[in-house]
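Here's a quick briefing for anyone meeting this structure for the first time. Have a look at the chain below, and then we'll go through it topic by topic.

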Amino acid sequence: MKKYEQGGGTLNSGLKSKGKSWVLYLGYGALVVFPLITGNFYYMRLGGSIALYLILGLGLNIVVGEAGLLDLGYAAFYGIGAYTYAFLASPQFGLHLPFLPAAFAGICASIFAAFLVSIPTLHLKGDYLAMVTLGFGQIIYILLNNLDRPFNITNGPNGIVAVDAPRIFGINFNSLGMSYILLWVITVIVFIVVSRVVRSNTGRAWSSIREDPIAAACMGINVARYRVTAFVWGAALAGLAGALFASWQGAVFPQNFTMQETITVYCMVVLGGLRSLLGIILGVFTLVIIPELLRAYSIYRMLIYGIALILLAIYRPEGLIPQSVPLVTIPTGKDQASLTGISGDKGHAIKIQDITCCFNGLTALSKVNFNVKQGEVIGIIGPNGAGKTTLFNVLTGVIKPQSGQVTILGNDVTYMPPHKIAELGIVRTFQNIRLFENQTILENVLVGCHLRLKGHILSAILGTKEYLGNLNAQIYKAVNALGFFDENLVARASERVKDLSYPERRKVEFARGLVSVPKILLFDEPTAGMTPGEAEGVIQGICSLKKHGHTVLVIEHRMDVIAEACDKVIVLDYGKKIAEGTPGEVIKDPKVITAYLGIKKEQSAASYSKHRIGRNKQVTDIRGSHPTAKPILELKNIHSSYGPVKVIQGVDAQINPGELVVFLGSNASGKTTMLKTILGEVPLVSGEIQFMGARIDGMPTSEIARAGIGIVPEGRRVFPGLTVLENLELGGYRINDRRLVKERIDTALDL
């Protein structure tokens with residue numbers, strides 16, 4: 001394995017973007033300075049609004065863009081910060097505190113409110129979280145509007161006026177020009193801080209939980225903690241903006257902090273580009289300046305403004321400047337960093353004692369027992385639905401068992417959360433690959449270093465030598481982990497993983513697990529969708545991991561992988577352990593043969609093959625009964641893909657009436673994509689699909705279904721909120737004859 005050099009690279013800051021980014025920054029800077037040069041009162045007010053909205057936009061981007069939390073009460077934190085500052089720096093209570101302590105109090109008040117909102121709602125997401133935060137925002141607005149009786153606190157609808165101008169260390173910023181400079185100095189500082197935070201370990205954690213909280217937790221990220229942290233950062237910036245607003249305007253009123261203000265900031269962030277700091281600046285400039293430019297058009301101003309927003313949303317859905325610059329790059333230097341092996345005794349790495357796991361009455365695991373010694377490679381095999389992945393979920397804390405005990409490296413982890421189990425040195429891959437789609441290859445792998453990156457968030461903001469040195473060391477471990485599985489991926493480290501092929505994505509997931517220097521690795525079907533040559537590479541990789549002292553558990557259906565890589569095999573069937581031993585012993589076990597082949601113990605493999613050949617002959621007979629029939633379904637040189645990833649390439653097939661046709665192939669060979677292409681769910685790149693003599697490629701899925709093609713999807717796509725009967729009735733949605741629908745439902749129930 002090639003070792004890549006480590007050295008004195010630096011964190012790729014948003015302020016050091018290359019090329020066009022510099023042009024944009026210079027343009028923004030010129031617009032900011034322009035009001036000072038002209039001394040124009042109106043331009044300064046406009047520039048001040050841009051600064052305030054930019055701070056708000058940066059805070060909301062952390063909550064919504066980075067952490068993926070739908071906060072519709074964001075303006076409430078803005079209002080709390082503004083009113084807290086006004087209470088302390090105005091005649092309202094006669095305190096007249098200087099700017100810094102009053103602003104700090106406003107930030108702390110907003111942070112306290114963020115804790116009150118976020119901690120009780122940790123289990124909520126999506127619409128439910130939006131409703132809670134929306135309600136919080138409305139509560140704050142009502143309080144600001146009505147806390148003038150029986151004791152006058154907020155002065156009600158009249159607001160608080162005569163707020164003091166900023167005063168810092170005895171210097172009064174009471175002129176408009178001085179206040180404008182102070183406002184923009186703080187805004188630039190905030191921008192620099194945020195640009196470094198989102199590129200830090202904390203920023204990667206936010207981005208990871210936004211895309212896949214389960215995968216993030218299994219990499220050692222405390223999902224609950226980082227969700228709260230995102231809320232706190234967003235609220236702190238909103239509170240700061242509120243304090244600046246109160247000092248800048250000299251007055252605060254309840255109508256300044258309505259739902260409309262939240263919507264405005266959302267529009268700025270989404271229009272500019274979520275997670276794109278350059279885009280957020282442009283979004284703020286656009287939505288502050290354009291309405292002012294359209295004032296001359298009077299009543300048509302908002303109409304033109306609305307149409308422009310709609311067009312931008314349609315033609316630029318990712319924003320004016322989508323997030324495209326990699327948040328971390330490979331530094332250059334001379335020292336070397338490599339992956340280290342695991343040392344220690346040869347005691348038990350894992351002990352599974354009487355583990356039982358049920359889902360709504362279905363027993364997925366039933367009193368499973370086995371031990372794994374350190375340094376062993378164990379294969380877990382069994383038919384689909386045997387409980388293999390459930391076992392991995394229990395080992396990593398994703399699912400809690402109903403009874404039993406799991407001990408890992410001497411620690412009872414039965415009811416431990418996933419991030420705590422990951423801290424012990426156990427990592428996994430997933431049956432259905434779980435990568436962070438909108439991150440680059442390198443950023444995905446670097447998430448595996450989460451537990452290894454040292455240094456407080458303040459170190460990342462300041463860019464200390466110790467922090468940067470540690471970051472560079474982890475980057476090179478990530479690069480070496482990539483090179484361990486595929487050298488070609490190193491050269492493509494800045495590409496987004498969503499553009500990779502299935503085997504390449506699998507290798508990135510391997511590298512993400514390996515880079516954390518784990519003691520135990522769990523591989524869930526690692527060779528799925530791979531060619532024999534690629535599978536051989538995985539076998540060699542597992543053998544190499546064993547030499548380095550790693551303990552490995554592998555779920556696999558390919559017996560050649562099990563035979564070559566595993567010391568011992570455990571067989572599950574219907575949630576029970578039915579066999580355990582060496583690969584040679586297990587493959588001869590009658591129980592294993594029965595579980596895999598579905599035949600009785602006394603039947604031989606030869607009789608099983610004969611039985612299957614007989615059934616295949618029946619299929620041939622069916623085909624022969626329609627020698628002159630035209631194909632009911634015909635595929636002509638079809639090609640389809642997921643973006644740049646080609647899946648179906650030049651497939652031809654003819655299916656005649658009455659035939660039973662089977663598509664065979666390894667995992668990820670394109671079988672499900674074939675069906676999705678026929679149904680129009682995956683667009684056809686080229687070729688032709690005919691059904692009953694008419695072309696159906698290009699038709700919407702609903703029309704293809706109405707034409708008479710049905711599907712039973714791979715993922716058991718039933719409607720869980722409906723009854724069995726309601727699900728079946730939806731199957732007959734396109735049939736107008738209710739009597740016929742009832743007859744078919746009866747037939748289905750009989751089957």
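Which residue takes a positive phi just after α9? That's Gly-250, with a phi of about 80°. Keep in mind that this is a predicted model.

- Helix α9 is 27 residues long and spans 39 Å from its first C-alpha to its last, close to the 39 Å expected at 1.5 Å a residue.
- Most of α9 is covered, with 23 of its 27 residues buried.
- Helix α10 covers residues 259-272, which makes 14 residues. From first C-alpha to last, α10 reaches 20 Å, close to the 20 Å expected at 1.5 Å a residue.
- Among the buried residues of α10 are Glu-261, Thr-262, Tyr-266 and Met-268. Gly-272 is another of the buried ones.
- After α10 comes Gly-273, and its phi is positive too, near 130°.

**The second largest pocket**

- This pocket has a volume of about 540 Å³.
- Its lining is made up of 18 residues, and those nearest the centre are Ile-107, Val-190, Val-193, Leu-237 and Leu-240.
- Helix α6 gives the most, with 7 residues.
- What sort of residues line this pocket, by class? The lining has 18 nonpolar residues, no polar ones and no charged ones.

**Cavities**

- Searching the whole structure turns up 5 cavities of 30 Å³ or more.
- The largest cavity holds about 60 Å³ of space. It is lined by 13 residues, and the closest to its centre are Gly-137, Gln-138, Phe-257, Thr-258 and Met-259.
- Helices α3, α5 (127-146) and α10 each give two or more residues to the lining of the largest cavity.
- Helix α5 gives the most there, with 4 residues.
- By class, the largest cavity is lined by 8 nonpolar and 5 polar residues, with no charged ones.
- The second largest cavity comes in at about 50 Å³. Its lining consists of Pro-166, Ser-179, Leu-182, Leu-183, Leu-244, Ser-247 and Trp-248.
- Helices α6 and α9 are the elements that give two or more residues to the lining of the second largest cavity.
- That lining divides into 5 nonpolar and 2 polar residues, again with no charged ones.

**Aromatic pairs**

- The structure has 17 aromatic pairs.
- One of them joins Tyr-42 and Tyr-43, whose ring centres are 5.9 Å apart with 50° between the planes, and this pair is tilted.
- Both partners count as partly exposed: Tyr-42 has a relative accessibility of 40%, and Tyr-43 has 34%.
- How are the rings of Tyr-78 and Phe-257 arranged? Their centres are 5.1 Å apart and their planes meet at 85°, so the pair is edge-to-face.
- Tyr-78 belongs to helix α3 (residues 74-88), while Phe-257 sits in the loop between α9 and α10, so this pair ties together parts that are 179 residues apart in sequence.
- Tyr-78 and Phe-257 belong to a cluster linked by ring pairs, together with Tyr-83, Phe-87, Phe-93 and Phe-245.

**Ser-686 on its strand**

- Ser-686 is found in strand β17, which runs over residues 684-691.
- With a relative accessibility of 31%, Ser-686 counts as partly exposed.
- Which residues does Ser-686 contact, leaving aside its neighbours within four places in sequence? They are Asn-637, Ile-638 and His-639.
- Ser-640 is 46 residues away from Ser-686 in sequence, and the two lie 7.2 Å apart in space, C-alpha to C-alpha.

Notes. Residues numbered from 1 in each chain as written. Predicted model: local features only at pLDDT ≥ 70, side-chain atom pairs only at ≥ 80, totals over all residues. Heavy atoms only, no water. Expected span 1.5 Å × (residues − 1). Buried < 20%, exposed > 50% of the residue type's maximum accessible area, 1.4 Å probe, protein only. 1 Å grid on protein atoms, 1.4 Å probe; cavity = no way out; pocket = protein on both sides within 12 Å on 5 of 7 lines; lining within 4 Å. Points joined across faces, edges and corners; volume = space filled by probe spheres on them. Nonpolar A, V, L, I, M, F, W, Y, C, P; charged D, E, K, R; others polar. Contact = heavy atoms within 4.5 Å. Phe/Tyr/Trp six-rings, centres within 6.5 Å; stacked < 30°, edge-to-face > 60°.
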